[in-house]
Amino acid sequence: MKLLVNALVKFVLGIVLVMLLVFIPAGTLSYFNGWLFIGLLFIPMFIFGIYLFFKKPELLRRRLNNKEKEGTQKFVVLISALLFIGGFIVCGLDYRYGFSKLPDYIVIIGSVMLLIGYALYIEVMRENEYLLRTIEIEKEQKVVDTGLYGLVRHPMYLSVILLFLSFPLVLGSLYGFYIFLIFPLVLIIRIRNEEKILVKELKGYSKYKLKVKYKLIPFIW
């Protein structure tokens with residue numbers, strides 16, 4: 001029951017936060033792209049949350065833990081949160097004052113990107129049950145080197161980039177896209193720091209780095 005309440009509270013707070021960040025700057029609730037975005041983001045999230053609650057409650061419990069302890073990672077989380085907040089505010093203001101307007105086909109592409117990103121995110125969680133929001137090595141944790149982890153070392157971050165870059169496209173804001181475009185650069189800092197920790201604390205990760213050479217994008221980096 002405690003897990004259920006915790007999950008529901010965070011889910012509802014997430015919806016309320018996004019609505020405030022999008023609709024207040026937009027100055028209206030008649031912002032179709034805003035409602036489209038909320039539906040595309042939170043409906044799959046709710047369905048997947050139900051699956052985790054009944055099938056993998058321990059994974060859900062670990063995923064709800066977002067208290068980062070490592071110094072560099074705290075900085076990355078802070079910057080990411082500021083980009084998240086600032087990006088949505090810019091999208092709302094963009095709609096309100098008509099600074100830019102993306103064509104419908106770009107909004108559709110963004111919607112598809114969001115769903116692909118979320119599907120990729122779910123698959124990564126299915127493959128790696130030790131996946132947490134924070135950098136934390138568990139005693140029984142093992143290196144996962146199959147599936148998506150056989151292609152790149154950080155498939156979760158690839159999915160997160162797809163998600164973040166899709167947000168302003170769904171919301172129809174070019175200027176919002178410029179804000180969210182900074183996020184992949186912030187992730188590079190997180191990945192470099194995380195790998196140092198994993199090499200030091202996770203047995204077998206050094207060999208895994210030799211086996212899978214690419215961090216984020218196959219054949220590129």
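View 1. L13 is placed in helix 1; helices (H or I, at least four residues) are DSSP runs numbered from the N terminus. This is a predicted model, in which local features need pLDDT of at least 70 and side-chain atom pairs count only at pLDDT 80 or more, while totals for chains, interfaces and linings use all residues. Residues are numbered from 1 along each chain as its sequence is written, and side-chain values use heavy atoms, without hydrogens and water. L13 counts as exposed because its relative accessibility is 53% (buried is under 20% relative accessible area, exposed over 50%, partly exposed in between; 1.4 Å probe, protein chains only). L13 belongs to a nonpolar surface patch of about 1100 Å², together with M1, L4, V5, L8, V9, I43, F46, I47, I50 and F54. Helix 1 (2-26) and helix 2 (32-55) are the elements that give two or more residues to the patch. Patch residues have over 30% relative accessible area and no salt bridge, and nonpolar side chains (Val, Leu, Ile, Met, Phe, Trp, Tyr) are joined within 5 Å.

**View 2. The largest nonpolar core.** This core has 58 residues, and F37, F42, F88, L114, F167 and L171 have the most contacts inside it. A nonpolar core is a set of buried Ala, Val, Leu, Ile, Met, Phe, Trp, Tyr and Cys residues joined through side-chain atoms within 4.5 Å. Helix 6 supplies the largest share of the core, 10 residues. Leaving aside neighbours within four places in sequence, F88 is in contact (heavy atoms within 4.5 Å) with L21, V22, F37, F167, L171 and F180.

**View 3. A network of salt bridges.** R153, E195 and K209 are linked by salt bridges, each being a side-chain nitrogen of Lys or Arg within 4 Å of a carboxyl oxygen of Asp or Glu. The closest N and O atoms of R153 and E195 are 2.7 Å apart. R153 lies in the loop between helix 5 and helix 6 and E195 in helix 8, so the pair ties together parts 42 residues apart in sequence. R153 is buried at 5% relative accessibility, and E195 is buried with a relative accessible area of 5%. E195 also meets K209 in a salt bridge (4.0 Å, N to O). K209 is partly exposed, at 30%.

View 4. The side chains of R126 and E123 meet at 2.8 Å, N to O. The two residues are 3 apart in helix 5, which means that about one helical turn separates them. E123 is partly exposed, with a relative accessible area of 25%.

Methods
Patch = residues over 30% accessible without salt bridge, like charges linked within 9 Å, V, L, I, M, F, W, Y side chains within 5 Å. Areas by Shrake-Rupley, 256 points an atom, 1.4 Å probe, with all protein chains shown as cover.
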